[in-house]
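Hi everyone, thanks for making time this morning. I'd like to walk you through one structure, so let me put it up on the screen.

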Amino acid sequence: MNTHEIKAFGTNEPTSDLKEMAINRREVGVRDVEIDILFCGVCHSDLHTARNEWGGTIYPNVPGHEIVGRITKIGRDVTKFNTGDLVGVGCMVDSCRECESCKEGLEQYCEKGNIGTYNGHEKQLNQQTFGGYSERVVVDEDFVLHVPRNLDPAAAAPLLCAGITTYSPLNHWKVGPGTQVGIVGIGGLGHMGVKIAKAMGAHVVVITTSRSKKGDAQRLGADEVILSTDQDQMSKNKGRLDFILDCVSAQHDINAYLGLLKRDGSLTLVGAPEHPLPVAAFSLILSRKSFSGSMIGGIAETQEMLDFCGKHNITSDIEIIKIQDINAAYDRLLKGDVKYRFVIDMNSLKN
Ligand code: NAP
Ligand code: ZN
Ligand code: ZN
């Protein structure tokens, strides 16, 4: 298959900074669209992967799965898009399309493994997939999303991962009017969780380690804030939440958060720390609590989330950076010093 070379930003090993490199993109196939990337959000998963914290990273690695851009070319059989459309690409670019999960529109749980936007396997070129820290991307139209026109394209980029990863479990666990929802960890995912849960009609309780985020939490839509490092506040709030969405990127004591759930309550983990998190049996069995996980969302649900955000005018709170600042941004991400998502202006790579 024909390819062409483009500019990207990535790394050749876990311990090196990201730097400019050349990668190959396939030519547009009959069902593909080519997207000129305008903005790419910076997810903590980009950092986990670039530094091989989960194992299995294939190098060179080019991260980025919160992509917003404009279509520059379409294949002959493309029916859903036209050149000039403002579109998004999230964490997946393909799946088997035949298994039970794929047939149910849950491509993220494809039994053969979904094809990640980066660090997946691009069968057309028989090489690893390269993500959105690049000039352009070529994607099958079935994995491309329409971005609502009323949303700012830069601030909409994080919806493609942080938005759907929080929307999907909130939706699955039927969060809405009458539910008391806790959101743990107010970073990229968490701050979207607060906005989305609020728009769904829930009573939203932010649970944070950062005293300084209290004011912001209220502005984002939280009805209450619990400082998790304050034992008094944690004890006073025991046994009162219906559902908790845990968006924490590092090691933390799950049992302390399970204590905030009422009987039959559930805690869903979307955060993906490097090491296992011990759960005490008694944190669950005494009040029939559930502990579960959730990964991004299917393509149909991602479009549903984008339309929901369009309707409620929800985008991410962002700090725009140049691609050349990505290593400093990763360092700040590790310190929790981001309000609340870095988004790369991809023009910085093109100039
Ligand atoms: P992020 O912006 O860095 O936010 C993480 C937040 O976690 C921090 O802002 C902080 O919030 C909290 N935190 C950090 N260290 C902590 C600690 N030791 N104890 C308690 N809280 C701590 O990261 P993100 O991009 O939102 O991603 C969060 C996690 O979700 C990452 O592990 C990422 O890989 C994962 N993820 C999973 C999926 C999925 O499909 N399941 C999708 C995307 C990302 P406070 O200051 O409020 O405490
Ligand atoms: Zn992500
Ligand atoms: Zn499948």
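Before we start, one term: I'll call a residue buried when its relative accessible area is under 20%, counting protein chains only and using a 1.4 Å probe. And please keep in mind that this is a predicted model.

With that cut-off in hand, let's go to Cys110. Its relative accessibility is 7%, which is under 20%, so Cys110 counts as buried. Cys102 is buried too, because its value is 9%.

So what are the protein donors of the zinc ion, ligand 3? Both of those cysteines are on the list: the donors are the SG atoms of Cys96, Cys99, Cys102 and Cys110, at 2.3 to 2.4 Å from the metal. Along the chain, these donors follow the spacing C-x2-C-x2-C-x7-C. As for geometry, the four donor atoms make angles of 104 to 119°, and the site is tetrahedral. For reference, the ideal angle for four tetrahedral donors is 109.5 degrees.

Staying with cysteines for a moment, how many disulfides does a search of the whole structure find? The count is zero. Take Cys309 as an example: the nearest cysteine sulfur belongs to Cys161 and is 13 Å away, and Cys309 is in no disulfide. Cys309 also counts as buried, because its relative accessibility is 0%.

Now over to ligand 1. There are 30 residues around ligand 1, and the ones that come nearest are Thr208, Thr209, Ser210, Lys213 and Arg341. Two of these names come back when we look at polar atoms. Thr209 places a polar side-chain atom 2.6 Å from an oxygen atom of ligand 1. Lys213 likewise has a polar side-chain atom 2.6 Å from an oxygen atom of the ligand. With Gln251 it is the backbone that takes part: one of its polar backbone atoms is 3.2 Å from a nitrogen atom of ligand 1.

My last stop is Ser283, which sits in helix H9, residues 281-285. Is Ser283 buried or exposed? At 14% relative accessibility, Ser283 counts as buried. Setting aside neighbours within four places in sequence, Ser283 is in contact with Asn255, Leu258 and Lys289.

How values were computed: Residues are numbered from 1 along each chain as its sequence is written. Chains are lettered from A and ligands numbered from 1 in the order in which they are written. This is a predicted model: local features need pLDDT of at least 70, side-chain atom pairs count only at pLDDT 80 or more; totals for chains, interfaces and linings use all residues. Side-chain values use heavy atoms; hydrogens and water are left out. Donors are N, O and S atoms within 2.8 Å of the metal (3.2 Å for Na, K and Ca); water is not among the atoms, so sites may look incomplete. Four donors count as tetrahedral if all angles lie between 85 and 135 degrees; four count as square planar and six as octahedral if opposite donors are over 155 degrees apart and all others between 65 and 115; anything else is irregular. Buried means under 20% relative accessible area, exposed over 50%, partly exposed in between (1.4 Å probe, protein chains only). A disulfide is a pair of cysteine sulfur atoms within 2.5 Å. Helices (H or I, at least four residues) and strands (E, at least two) are DSSP runs, numbered from the N terminus. Contact means heavy atoms within 4.5 Å. A residue is near a molecule or strand if one of its heavy atoms lies within 4 Å of it. A polar contact is a pair of N or O atoms within 3.5 Å; within protein, one must be able to donate a hydrogen and the other to accept it, and residues adjacent in sequence count only if both atoms are side-chain atoms.
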